[in-house]
Amino acid sequence: MSRLPKYIEADDVKRILKMTDLIPIIEKAMGDFSKGEDGGVVQPVRSIIPVEKHGGFFGAMPAYSENDAALATKLVTFYPKNAGTGLPTHMAAIILFEPSTGELKSILDGEVITSMRTAAASAVATKYLASENSKILCILGSGEQARSHYKSLHHICNFEEVRVWSPTLKNAQAFSSQLKSKVCETAEEAVRGADVIVTATFAKQPIVEWEWVKPGAHINAVGAVNIKWQELSSELMQKSVVHVDSREAAMKESGDVIISKAEIFAEIGDLVNGTKEAQREKTTVFKSLGIAIEDAVSAKLVYDKHMENQ
Ligand SMILES: NC(=O)c1ccc[n+]([C@@H]2O[C@H](COP(=O)([O-])OP(=O)(O)OC[C@H]3O[C@@H](n4cnc5c(N)ncnc54)[C@H](O)[C@@H]3O)[C@@H](O)[C@H]2O)c1
Ligand SMILES: O=C(O)[C@@H]1CCCCN1
């Protein structure tokens, strides 16, 4: 290759990427993904390898969307033990190719995209599954995903109250001083009566119980990306209508699904495509794991907008 690829750094991604643009493209990508080959998407379940000696994980996430002309792979590390050290717990780069020629187009920072596209996917799930009159948002966790979910979900519902809980009180207080919300001392206090609940933590054991959850509430469960970890109790998973981003990935990666043996009702893309009906009135869970197609279409969007301004 004769030219160096363009590098798009985090500040530029942050400046270019707007939630209002992202939510619809993630919705379309989730729909295309769930159509399988008919949706023009090729995406294997990602490879995750443990870096056991250092308590970390490394993931490779390739995907191709014919409809969006997006061919990319995300390389991501997640190191829960980085919490509090000044280093992020998730770090990533996205490598974008030109599908018609195979040419390397760009390398993009992947942290901002990971943060925003995950929250955008939850926004799509919430759009289909939360009750129309949702007023109370509960966020468990106060890190990167908690913050991006606060922002994305305000595009879907007119919340009158936001509650935040985190195992370290001062982290919840810092969140609340930046994003208008009420700090709760326990997860139970935050969850009871909430219409929409987000779990965005590194919990390995359940932090939400069925009996705390208001009937008809919608839960976006974003953490516990490991077959041995759970954020939601098995009872909660079994009694809720469970949705995932990818059935195949959930059966391979999600402790919440595998340990509880809960039935998966649908992928969010099935709701987008209208092949499954959204049951808004029931208690619903979106067990999000993150799928590579979300990164590929987000990276393509950022790249195209960046090049328009060159
Ligand atoms: N589904 C997806 O697409 C996707 C994408 C990115 C991250 N994630 C996952 O979302 C979760 C949050 O990621 P993040 O980027 O916000 O991380 P972060 O490090 O910024 O925040 C993690 C939060 O978890 C809390 N926490 C840590 N241990 C806990 C425990 N035992 N019980 C309860 N809370 C605990 C911390 O206090 C902090 O508030 C992680 O599990 C991460 O792997 C999912
Ligand atoms: O989809 C993602 O990008 C992340 C990678 C780390 C684990 C959780 N999911």
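Reader: What makes the Arg117 and ligand 1 pair a polar contact?

Author: In this predicted model, a polar side-chain atom of Arg117 lies 2.9 Å from an oxygen atom of ligand 1. A polar contact is a pair of N or O atoms within 3.5 Å, so the Arg117 pair qualifies. Local features here need pLDDT of at least 70, and side-chain atom pairs count only at pLDDT 80 or more. Residues are numbered from 1 along each chain as its sequence is written, and side-chain values use heavy atoms.

Reader: Which backbone atoms lie by an oxygen atom of ligand 1?

Author: A backbone N or O atom of Thr201 lies 2.8 Å from such an oxygen. For a polar backbone atom of Leu289, the distance is 3.4 Å.

Reader: How much of ligand 1 does the protein bury?

Author: The protein buries 82% of the 860 Å² that ligand 1 exposes when taken alone. Those areas come from the Shrake-Rupley method with a 1.4 Å probe.

Reader: Which element gives the largest share of the shell around ligand 1?

Author: Helix 3 does, with three residues. A helix is a DSSP run (H or I, at least four residues), and helix 3 spans 111–129.

Reader: Why is the second largest pocket said to lie between domain 1 and domain 2?

Author: Domain 1 (6–113 + 293–308) and domain 2 (130–290) both give residues to its lining, so the pocket lies between them. The bounds come from an automatic or database domain assignment. Lining residues have an atom within 4 Å of a pocket grid point. Among them are Phe57, Phe78 and Lys252.

Terms used. Chains are lettered from A and ligands numbered from 1 in the order in which they are written. A polar contact is a pair of N or O atoms within 3.5 Å; within protein, one must be able to donate a hydrogen and the other to accept it, and residues adjacent in sequence count only if both atoms are side-chain atoms. Helices (H or I, at least four residues) and strands (E, at least two) are DSSP runs, numbered from the N terminus. On a 1 Å grid over the protein atoms alone, a cavity is a set of points where a 1.4 Å probe fits but cannot get out, and a pocket is an open set with protein on both sides within 12 Å along at least five of seven lines; lining residues have an atom within 4 Å of a point.
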